[in-house]
Amino acid sequence: MEKKITYGRFLHGGDYNPEQWLDRPDILKTDIEYFKKAHINTVSLGIFSWAVLEPREGEYHFEWLEEIVENLWKEGISTILATPSGARPKWLADKYPEVLRVNGNRERNLYGGRHNHCYTSPVYREKIQNLDRELSRRLGNHPGVILWHISNEFGGECHCPLCQEKFREWLKEKYHTIENLNDRWCTTFWSHRYESFDQVESPSPRGERELHALNLDWKRFVTDRTVDFLKAEAEALREGGSELPVTANLMYDYAGLDYKKFREALDIVSWDNYPGWHKKEEWLTAADSGMQHDLMRGIKKAPFLLMESCPSATNWKPINKLKKPGMLLAASLQAVAHGSDSVLYFQLRQSRGASEKFHGAVIDHYGGSDTRVFREVTEVGEVLEKIQEIAGSDVKCQAAVLYDRENDWALKDAQGPRNEDMHYQDCVLKQYRALREQGLNVDVISMEHELSDYRILAVPMAYLFKEGYEEKLRAYAEAGGTLVLSYWTGIVDETDRCFLGGTPYGLMEAAGLRSAEIDALFDWEQNYVIPEPDNHLGIRGTYVCRNLCELVELRDAEILMRYGDDFYQGYPALTHKACGKGHVYYVCADMEHDFYRDFFGKAAEEAGVRSEVEFVPEGVSVTLRETEAVQYLFLQNFSRKPETVAVPEGYEVLYGPNTDVLKPLQTRILKKRKEG
C-alpha cells in the first residue's frame with residue numbers, strides 16, 4: 001500500500017480568493033468569523049494569484065498572502081497553498097509569446113483562458129519555478145501551511161515546435177529505431193512510412209490522424225509532459241526549502257490525461273467532484289459519483305481529498321440546478337465513505353464578476369451567514385467533527401473493476417465495430433454498480449495494479465492489452481480468483497496492432513473459447529439472452545442486450561446462457577470455465593444492468609465474497625472504512641423513499657438515526673471493534 005498522508009481530522013473548507021478583496025478589509029475580517037461559524041478548518045489559497053503575486057516580471061508581492069495565512073492560522077484555520085501556474089499574467093504572454101499554446105491546426109492561441117500555456121516552454125517553466133521557489137521560501141515552513149496544491153485541473157495539449165521536438169525525443173527513447181516505430185505503428189498502410197524521427201508530427205485535423213498508434217502515443221506523451229511539468233514545480237518547491245507533501249486536483253472521468261501516471265508525482269490524490277444531482281434518480285448519480293471516488297482512491301490505494309465540490313449550484317453546466325435540502329450532506333459523506341479525508345468547496349466567497357460570479361459559494365453576494373447554503377455547510381462541518389476518528393482509515397476491497405484510460409483512448413479511436421459510441425464507460429459502470437449493489441467495496445483499477453488482493457475481478461471491454469497483461473489475468477484466475485471477461489477483449493496490443501491467432505489474446509485456453517465475430521446493433525435494435533437449464537450458477541432470468549453482441553466459437557467452456565434472437569440464436573452468451581483454482585466467466589454481449597446485478601450476486605457468492613449487510617435495498621449504498629482495530633460501516637439511502645437496513649451484529653451507531661429505517665438522503669455510520 002502507498003504511503004498515507006493524513007491529518008488526524010477531516011479537512012473542511014475550500015477555495016478562497018482573498019486577493020479579490022484586498023480593498024475590503026472588512027470583508028476579509030468577516031470571512032474568518034464566518035469560517036469559524038461554519039466549522040471550516042482549511043482553505044486553499046493562491047490558485048489563480050500569479051498576477052497579484054508577480055504583477056511585473058521579477059517583482060514579487062507576498063505580504064498580503066503572508067498576512068492572510070497568519071490571520072487564518074491564529075484562528076485555527078490551515079492553508080493548502082497553491083502554485084499559480086494554472087493561469088498566467090498578461091505581461092508574461094506579451095513578452096514571451098512562446099508560452100501560449102499552439103493548437104492542432106498549428107495556430108498559436110491568443111492570450112486568455114486558464115490552461116493556455118505550453119508545458120514544454122523553458123520560459124514558462126523558468127518563470128513559474130522562480131515564483132514557486134520564492135513561495136516556498138516565504139511560506140513553505142509556516143505552521144499554518146499543510147499541503148502544496150500544484151497548479152489547477154491540469155488539462156489540454158500544445159502542438160508548438162518545442163513540443164514537436166520533445167515528442168520526437170520521446171518516440172526515439174521508446175522505439176529506438178524508425179524501423180521499429182514503422183513496424184509497431186503499421187505505417188505501411190496507406191504508404192505512410194517514416195524515414196526518420198524528424199518526419200514525425202503530432203496528430204492534426206489538417207494532417208495525419210488515422211494512424212491509431214500515433215494518436216495513442218501522442219496522448220501518452222501529453223500525459224508524460226504534464227506529469228513532468230508537475231514534477232518540475234514540486235522540485236522548485238523543494239529547492240525553496242519546503243518538504244510539505246504535494247497534490248494536484250484531478251477531474252471527473254477526464255479523458256485528456258492518464259491519471260495513473262500521476263501516482264508517483266503526487267503524495268496525496270485530490271479531485272474535483274460536481275455530479276449532476278437531481279437530473280435523474282439520485283441513486284444512479286450516486287453510483288457514478290462513487291465509481292469516480294473509487295477510481296481516485298485507487299490511484300495510490302490510500303485516502304484522498306475531495307478538493308472541490310459545490311455547496312449549491314454550479315454555473316457552467318447547461319442546467320445549473322440547486323442541491324435540494326440534505327443533498328450536500330449526503331454527497332459529502334459519500335466522499336468520506338469512499339475514502340476522502342476532506343470535504344472542500346469551490347468556492348468559499350462568491351466572486352463579484354467574471355466567469356464564475358454565479359457559481360455556488362458558502363458566502364454569496366448577499367454576504368450573510370443566514371442562508372440555507374451556509375446552514376447546510378455548517379451542518380457538514382459539525383458532522384465531520386463528530387466522526388473525525390474515521391479520518392485516515394482505509395477502504396479495503398475484495399472486488400475490483402478494470403477501467404483503464406489507455407484502453408479508453410484506443411477503443412474510441414478504433415474505427416469499428418461502432419464509431420458513434422462503444423459504451424465503454426457504461427459497461428464499466430454497470431459492472432461496478434452491480435458489485436456495489438452486493439454491498440461490496442470496489443476498487444477501480446488500471447492494468448498496472450496488482451491483482452492478488454481481489455477475490456473477484458471484472459475486466460469489461462479490455463480491447464487493448466498492455467504487454468504481459470494476458471499472463472497477469474491468467475495467473476490471477478489460476479491462483480483462485482474469479483475473472484469476469486467480456487466481449488471485445490484482448491484484441492490489440494499497446495500500439496493498437498491486432499493480435500494474430502485468435503482472441504481474447506492469450507486467454508482462449510483459460511476462457512475455453514475463441515471470439516469469432518462481433519455484431520454491432522443499431523441504437524433501436526436489441527437481442528435477449530436466456531439461461532441454460534440447470535446452469536451451475538442457478539441463473540433463471542431472461543435479459544436484454546444491446547449495442548454489441550459477440551459470437552464465440554466454443555472449445556471446452558460451459559454454456560450458462562444463449563442468445564434468443566437473430567441468426568445467432570442459440571449461440572453462447574455467457575460461459576464459464578474452471579481455471580486452476582479459480583473461474584473464468586465470459587460475457588458475450590452488452591447486457592442490461594439487471595443481468596449484471598443477478599450475475600455478480602451469484603458469482604460473488606461462489607467466490608466467497610460477502611457484505612457486512614445481509615440485504616441491500618435498491619438505492620442504498622453500503623461502504624466500509626477500517627483501521628487495524630475498528631470497522632466503520634456507512635449506510636446511505638440515495639433512493640426517494642425510506643428504506644430499511646438492519647444493523648449487522650456487533651455494530652453500534654456512531655452517527656445517524658437509532659432506527660433501521662433510513663429516510664431519503666439519510667446517512668447512518670456504524671462502528672465495530674475487530675476481534676482481537
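Student: Quick one to start: what covers the buried residues of H7?

Tutor: The cover includes helix H6 (161–175) and helix H8 (212–239). Keep in mind that this is a predicted model.

Student: OK, and which residues of helix H7 are buried?

Tutor: H7 runs over residues 178–185, and its buried residues are Ile178, Leu181, Asn182 and Trp185. Seen down the axis of H7, they fall within an arc of 100°, so they line one face of the helix.

Student: What follows H7?

Tutor: Cys186 does, and its phi is positive, near 55°.

Student: Back to Trp185. Which residues touch the most other members of the largest nonpolar core?

Tutor: Trp185 is one of them, along with Leu473, Tyr563 and Phe599. That core has 187 residues. Helix H8 gives the most to this core, with 11 residues.

Student: And Leu473, what is it in contact with, leaving aside its neighbours within four places in sequence?

Tutor: Leu473 is in contact with Leu451, Leu457, Val459, Phe465, Leu483, Leu485 and Leu507.

Student: Changing topic: how many aromatic pairs does a search of the whole structure find?

Tutor: The search finds 33. Take Tyr16 and Phe35: their rings are 5.0 Å centre to centre with 85° between the planes, and the pair is edge-to-face.

Student: Where do Tyr16 and Phe35 lie?

Tutor: Tyr16 lies in the loop between strand E1 (11–15) and helix H1 (25–37), while Phe35 is in helix H1. They are 19 residues apart in sequence, so the pair ties those parts together.

Student: Are those two buried or exposed?

Tutor: Tyr16 is buried, with a relative accessible area of 3%. Phe35 counts as buried too, at 1% relative accessibility.

Student: What about Tyr259 and Phe262, why is that pair edge-to-face?

Tutor: Their ring centres are 5.6 Å apart and their planes are at 85°, so the pair is edge-to-face. The cut-off for that label is over 60 degrees. Tyr259 is buried at 7% relative accessible area, and Phe262 is buried at 1%.

Student: Last one: where does the charged end of Arg349 sit?

Tutor: Over the ring of Trp21, 5.6 Å from its centre. Arg101 lies over the face of Tyr119, at 5.0 Å from the ring centre.

Technical notes: Residues numbered from 1 in each chain as written. Predicted model: local features only at pLDDT ≥ 70, side-chain atom pairs only at ≥ 80, totals over all residues. Heavy atoms only, no water. Phe/Tyr/Trp six-rings, centres within 6.5 Å; stacked < 30°, edge-to-face > 60°. Helix = DSSP H or I, 4+ residues; strand = E, 2+ residues; numbered from the N terminus. Buried < 20%, exposed > 50% of the residue type's maximum accessible area, 1.4 Å probe, protein only. Lys NZ or Arg CZ within 6 Å of the ring centre and 35° of its normal. Arc of directions from axis to C-beta. Contact = heavy atoms within 4.5 Å. Core = buried A, V, L, I, M, F, W, Y, C linked by side-chain atoms within 4.5 Å.
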